[in-house]
Amino acid sequence: MPRPLRDPQPMLERAIADWGGRDDLWLFGYGSLIWRPEFGFAERRAATVQGWHRALKMWSRVNRGSVQTPGLVFGLLSGGSCRGVVFRVPRAEGLETLKRLWLREMPTGVYDPKWLQCGTADGPVRALAFTLSRRSPNFTGELSDERYRHIFANAVGRYGSSLDYARQTLLELQRHAIHDAALARLVALATADAPAAAPADCGPPSAPVYVPGSSDNSSSSSASFDKEKP
């Protein structure tokens, strides 16, 4: 296990204090939390965050890579917009859920947990999200296509390979009609030349910005989640 960049315990205590424990806990998922939350929830909704975007630009030396061969996981970077999922965790289970999430997402204190306003078809919610600073030593910066190919071919961690992680996330996003052209292009690099880019629902700052009330915010089954029990 790499040495922690920061002590994660004070950040956990701050998140608990900011939540307060008086209401249900909301969590925003934009990567593996969508398809492997590992916590119980009473409801989930399609959600959009303004001012942040999903990017496969965070080094992983535990979950999807090693110290010798770092892999990649998603970070939520400032700029643009991002479609994902919010989960509502019952208040009574919120504290234990946060503790388990910290063991999974924050073993080295790399993320900056933030409470973000998330737009949903049933109204806005305030949800905790794991964001990444560009000042973090785990931020990759820009990577060449050849570097991505090398990582996808070689990086494996305790939860599997970086390529499997990227593919699983892409499949889950597609299943819920979230079109991430940047991620699709990267996954295509692993086996063939990347296809021409298509319009993206989630991408860097130059991508189209989600507008509340647009078709992306409709309640149709192709664009939103139903309320679900775990």
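This is a predicted model: local features need pLDDT of at least 70, side-chain atom pairs count only at pLDDT 80 or more; totals for chains, interfaces and linings use all residues.
User: Which residues make the contact of helix 1 with helix 3, and how many of them are nonpolar?
Analyst: Helix 1 contributes Pro8, Met11, Leu12, Ala15, Ile16 and Trp19, while helix 3 contributes Arg91, Gly94, Leu95, Leu98, Lys99 and Trp102. By class, the contact has 1 polar and 2 charged residues, and those that are nonpolar number 9.

User: How are helix 4 and helix 6 oriented to each other, roughly perpendicular or roughly parallel?
Analyst: The axes of helix 4 (residues 145–154) and helix 6 (residues 181–189) come within 9 Å and cross at roughly 65°. Angles of 65 to 115 degrees count as roughly perpendicular. Helix 4 and helix 6 are therefore roughly perpendicular.

User: How many charged residues are there in the contact of helix 4 with helix 6?
Analyst: From helix 4, Asp145, Tyr148, Arg149 and Phe152 meet Arg185, Leu186 and Leu189 of helix 6. The residues of this contact divide into 4 nonpolar and no polar, and the charged ones number 3.

User: Is the crossing of helix 5 and helix 6 left-handed or right-handed?
Analyst: Helix 5 (residues 162–175) packs against helix 6 at about 140°, with the axes 10 Å apart, and the two helices are therefore oblique to each other. Their crossing is left-handed.

User: Which strand gives the most to the lining of the largest pocket?
Analyst: Several elements each supply at least two residues of this lining, among them strand 1 (25–29), helix 2 (32–35), strand 3 (71–89) and helix 3 (91–105). With 3 residues, the element giving the most is strand 2.

User: Which residues lie nearest the centre of the largest pocket?
Analyst: The largest pocket holds about 420 Å³ of space, and its lining has 16 nonpolar, 7 polar and 7 charged residues. Of the 30 residues that line the largest pocket, those nearest its centre are Met58, Asn63, Val73, Glu105 and Tyr111.

How values were computed: Residues are numbered from 1 along each chain as its sequence is written. Side-chain values use heavy atoms; hydrogens and water are left out. Axes are lines fitted to C-alpha atoms, for helices over the stretch in contact, and angles run from 0 to 180 degrees between N-to-C directions. Helices (H or I, at least four residues) and strands (E, at least two) are DSSP runs, numbered from the N terminus. Angles under 35 degrees count as roughly parallel, over 145 as roughly antiparallel, 65 to 115 as roughly perpendicular and the rest as oblique. Contact means heavy atoms within 4.5 Å. Ala, Val, Leu, Ile, Met, Phe, Trp, Tyr, Cys and Pro count as nonpolar, Asp, Glu, Lys and Arg as charged, and the others, Gly among them, as polar. On a 1 Å grid over the protein atoms alone, a cavity is a set of points where a 1.4 Å probe fits but cannot get out, and a pocket is an open set with protein on both sides within 12 Å along at least five of seven lines; lining residues have an atom within 4 Å of a point. Grid points are joined across faces, edges and corners, and a volume is the space filled by probe spheres set on the points. A crossing is left-handed if the near helix is turned anticlockwise from the far one by less than a right angle, and right-handed if clockwise.
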